Amino acid sequence: MTSLVRARRRESAGRFWRQYRTHRAGLCGLAALALIALVALAAPLLVGDDVQSVTDARGTALEAPSGAFPLGTDQFGRSLLGLLVWGARVSLAVGLLAAALSVAIGTLVGIVAGHYGGRLSTLLMRITDWFLVMPSLVLAIVLATVMSRSMWTVILAIGVTSWPTTARLVRAQTIAVESRPYIERARALGGGHGHVMSRHVLPNVMPLVLAQTTLCISGAILTEATLAFLGLGDPTVVSWGGMLQDAREAGAVSSGHWWYLAPPGIAIAVVALAFTLCGRAVESVLNPRLGVGR
């Protein structure tokens, strides 16, 4: 039985990959993400741990791009290329963890609301509606302000404010799944609420959750960059949003030091676009009726 399940999963994964490969934009996004992730993982080998050190900076303040410093230096004389590579680790980690927390909360709320229905569903959806009408960025700023400034605070602030959309989508899918005949058979055979939700509902909503996760990551990275730009990020780590905030404080906008602003801004835009392209491709594969372009 186990080997049969594994064979079916491999067949399903292979079918998914064959369909995904037909989406050129999705492949471009996936290739870009793979390259950026590889660079982020290899950052200690590529640039070393001392790239963040102010006292060990090898250049002078705000040097223009040159052979020694391809992207120039910051106000402390540190290599912007090294900071950009090192900052990818924090930005990607925050985006992935915050999106995972957001999707986990949204999936739990959506499945519970769709399965039980009644007053519990009404209560959960009213809470969801409240979070939907409130600007998530404002709520994240409030949480990041009242809590200690750390990377985990940023992850928590993004995760607990960006789950309502996922909850709505998962609830609708759960209601659709619950109406199928095999759910009735499972209940007739003695399956309890936990069994139905974990063994029957959750596997059927996971494709939707996967697609939603890829789309949430780009939003989480943008929100992290915004919080860091506003000075609410972790001051002890280097991130792309933190680089933009440092550039603003150094007066890079008014003094014309474009090389300080452009690299982190372009990196944020590229990663957000890559995740969006992957998410749209996943949506198109899992639900061809969406008509997402290739």
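Predicted model: local features only at pLDDT ≥ 70, side-chain atom pairs only at ≥ 80, totals over all residues.
Residues are numbered from 1 along each chain as its sequence is written, and side-chain values use heavy atoms, with hydrogens and water left out.

Start with the whole thing. The chain has 13 helices and zero strands; helices here are DSSP runs of H or I with at least four residues, strands are E runs of at least two, and both are numbered from the N terminus. The C-alpha trace spans about 75 × 45 × 35 Å along its principal axes. Of the 294 residues, 43% count as buried, meaning under 20% relative accessible area with a 1.4 Å probe, protein chains only (exposed is over 50%, partly exposed in between). Take the contacts (heavy atoms within 4.5 Å) with a separation of 6 or more: 71% of them join residues 24 or more positions apart.

Now look at helix α4 (residues 80-116) and helix α5 (residues 118-133). Their axes come within 7 Å and cross at roughly 145°; axes are lines fitted to C-alpha atoms over the stretch in contact, and angles run from 0 to 180 degrees between N-to-C directions. On the α4 side, the contact is made by V109, V112, A113 and Y116, and α5 brings G118, L120, S121, L124, M125 and T128. By class that is seven nonpolar, three polar and no charged residues, where Ala, Val, Leu, Ile, Met, Phe, Trp, Tyr, Cys and Pro count as nonpolar, Asp, Glu, Lys and Arg as charged, and the others, Gly among them, as polar.

Next, find V205 in helix α10 (residues 193-229). V205 counts as buried because its relative accessibility is 0%. Leaving aside neighbours within four places in sequence, V205 is in contact with I111, Q173 and T174. R171 is 34 residues away from V205 in sequence, yet their C-alpha atoms are 9.3 Å apart.

Finally, check the loop between α3 (43-46) and α4, where L62 is found. L62 is not a glycine, but has a positive phi of about 55°.
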